[in-house]
Amino acid sequence: MRGSDDHTIKKMPMKRLINLTPSKPLKLLLGILPFALLLVVYLIASDARLAENANDKLLPSFAQMGDAIGNLAFEPSKRSGEYLFWQDTLSSLYRLTLGIFIAAILGFTIGILTGAIPTIYSPIAPLLTIISLVPPMALLPVLFIVFGLGELSKVALIVIGVAPFIARDIQRCTQEIPLEQLVKAQTLGASTWQILVRVLIPQLLPRLINAVRLSLGAGWLFLIAAEAIASTDGLGYRIFLVRRYMSMDVILPYVAWITLLAFLVDWLLVKLSTTCFPWHYQATTK
Amino acid sequence: MTIIPFDKKYIDEKRAKAMPMIQAKNLWKKYGDNVVLERMNVSVKAGEFITMVGTSGCGKSTFLKMLLGMESPTSGELLLDGKSIRSEPDQSRGIVFQQYSVFPHLTVLENVIIAREFEHSPILGKLFGSKKRKVVDEAKALLESVGLTHAINRYPHELSGGMKQRLAIAQALIRQPRILLLDEPFGALDPGIRADMHQLILELWREHQLTVFMVTHDLSEGFYLGTRLWVFDKLRRDNQAPGAYGANITYDLPVTRRKSEVPYELQTIAQESQDF
């Protein structure tokens with residue numbers, strides 16, 4: 001080996017930043033770090049405020065939050081005899097699931113029909129584009145007037161907010177299916193109906209799950225907004241109700257609980273999709 | 001004196017043999033002002049293997065699409081058995097594209113039996129029980145003839161390019177079309193695999209008595225496979241208006257498989273298509 005080679009090896013520069021990949025344990029550690037940091041910052045700040053004023057409400061300690069939620073979750077309400085935390089969770093999940101379910105069916109049907117059949121596309125697609133531009137929150141008063149203040153208007157808000165998005169997404173996915181496949185199906189003797197049932201719908205179902213995952217964030221938004229304005233229970237109702245007493249010890253755990261629920265629903269949808277449609281994932285990650 | 005008995009079947013058969021299967025009569029295809037094909041007059045008998053070559057944009061794929069029914073002629077006639085060809089794809093004409101020919105959400109076996117399911121199950125498009133077993137057996141036999149027996153439960157993304165095209169061919173053949181259209185089916189394959197596919201397609205052509213139309217960029221492939229080779233090119237050109245004149249079949253050559261060398265007058269075209 002020549003001396004100059006030695007020299008270059010010693011002085012080998014560090015790799016470019018874009019070529020450095022953390023090892024697996026390091027990756028995990030780096031992933032957890034921001035959570036831990038936030039927690040520590042919160043603990044320090046909360047301790048500092050509580051040390052100064054034991055009745056401070058802004059940054060409650062974890063013990064206070066635990067007490068507040070324990071009261072809501074494991075002791076029946078004095079007024080109605082219900083376990084409020086679970087009652088809120090059930091009501092909210094019921095509204096969200098029903099709303100998203102109806103929106104998914106509606107959006108999928110409209111999306112696939114407009115995407116696959118030109119004579120349905122022509123009259124529906126421009127209307128769909130305009131409807132999807134209407135801000136759903138602005139329609140909430142209309143919904144309250146038309147459907148009353150009950151469950152229906154909250155579910156309707158989710159449907160109106162989410163269905164056009166799903167419809168347009170599925171429409172685009174339908175149009176992206178290669179024309180070759182549709183021609184091939186016809187040369188195998190398929191009718192329009194058979195192409196829908198055997199070629200398009202099975203290929204679009206994983207796309208639907210994807211669209212639902214993307215629209216769940218908006219779904220939660222509409223749910224909490226509707227509950228905040230007119231409701232008698234629900235997660236959104238509760239946090240807006242206790243805001244009047246500045247009960248951060250209830251609000252913060254509720255927000256964390258909503259986040260956890262959102263995460264779980266998303267995770268379940270991913271699991272459902274990968275188990276039902278393995279071909280979709282293997283084909284797209286390739 | 002001998003009396004010739006009037007045998008309708010005999011006469012029909014004789015007529016059918018005399019009548020060309022595909023006929024183009026003064027066929028034109030324009031997209032707006034852009035003339036793609038002009039004054040095409042050609043006839044093809046059943047059982048021929050037509051290979052079509054030419055530079056890109058010379059209308060050979062457009063002609064194939066017209067045969068398939070994806071495009072219709074601007075003027076003139078394109079006849080199948082003396083009647084105007086149906087202007088939408090159907091089971092009389094099978095097709096193999098260069099890619100995207102198979103259904104990604106179905107296994108190899110399902111990709112083939114789906115054709116029979118379309119035929120026998122109009123509402124669900126799916127067969128069950130003994131009916132399904134029957135078509136599965138048929139499909140397995142067909143898949144064996146294209147050499148895919150070992151892969152019948154795999155999904156298309158698990159197959160190599162050559163295997164995908166074998167599947168696409170098997171799929172195209174199960175409804176026993178009379179015409180098989182091939183749109184650069186082997187263009188994306190390695191040379192070694194391409195040679196295997198040539199043998200396969202020739203075997204199937206003989207066995208199923210197909211009439212084949214194949215678009216290819218590879219002139220030697222065209223000479224090797226076809227019984228008749230068409231070269232598409234423009235006879236007239238206007239450099240100020242490239243779309244003013246359309247292409248036509250400039251060479252219509254009968255090919256015997258023994259002579260696979262390129263004739264002198266075609267060598268420049270051979271060079272062009274290889275450059276492409």
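Trainee: How many salt bridges are counted between chain A and chain B?

Mentor: Quick caveat: this is a predicted model, where local features need pLDDT of at least 70, side-chain atom pairs count only at pLDDT 80 or more, and totals for chains, interfaces and linings use all residues. Side-chain values use heavy atoms, without hydrogens and water, residues are numbered from 1 along each chain as its sequence is written, and chains are lettered from A and ligands numbered from 1 in the order in which they are written. A salt bridge here is a side-chain nitrogen of Lys or Arg within 4 Å of a carboxyl oxygen of Asp or Glu. By that rule, the count between chain A and chain B is 1.

Trainee: Which side chains meet in a salt bridge at 2.6 Å, N to O?

Mentor: Look for one partner on each chain. The N to O distance is 2.6 Å, and the side chains are those of Glu117(B) and Arg198(A).

Trainee: Which helix gives the largest share of the side of chain A that touches chain B?

Mentor: Helices are DSSP runs (H or I, at least four residues), numbered from the N terminus. In chain A, α8 (179–187), α9 (192–229) and α12 (278–285) each supply at least two residues of the side touching chain B. The largest share, 8 residues, comes from α8(A).

Trainee: Which three residues supply 32% of the area that chain A buries against chain B?

Mentor: Buried area is the accessible area (1.4 Å probe) that two parts lose on being put together, summed over both. Between chain A and chain B that comes to about 2500 Å², with carbon and sulfur atoms giving 63%. On chain A's side, more than any other three residues supply, the 32% comes from Lys184(A), Leu188(A) and Arg198(A).

Trainee: Which residues of chain A does Gln171(B) touch?

Mentor: Gln171(B) sits in helix α5 (residues 161–173) of chain B. At 0% relative accessibility, Gln171(B) counts as buried, meaning under 20% relative accessible area, with exposed over 50% and partly exposed in between (1.4 Å probe, protein chains only). Contact means heavy atoms within 4.5 Å. Not counting residues up to four places away in sequence, Gln171(B) touches several residues of chain B, including Phe103(B), and from chain A Lys184(A) and Leu188(A).
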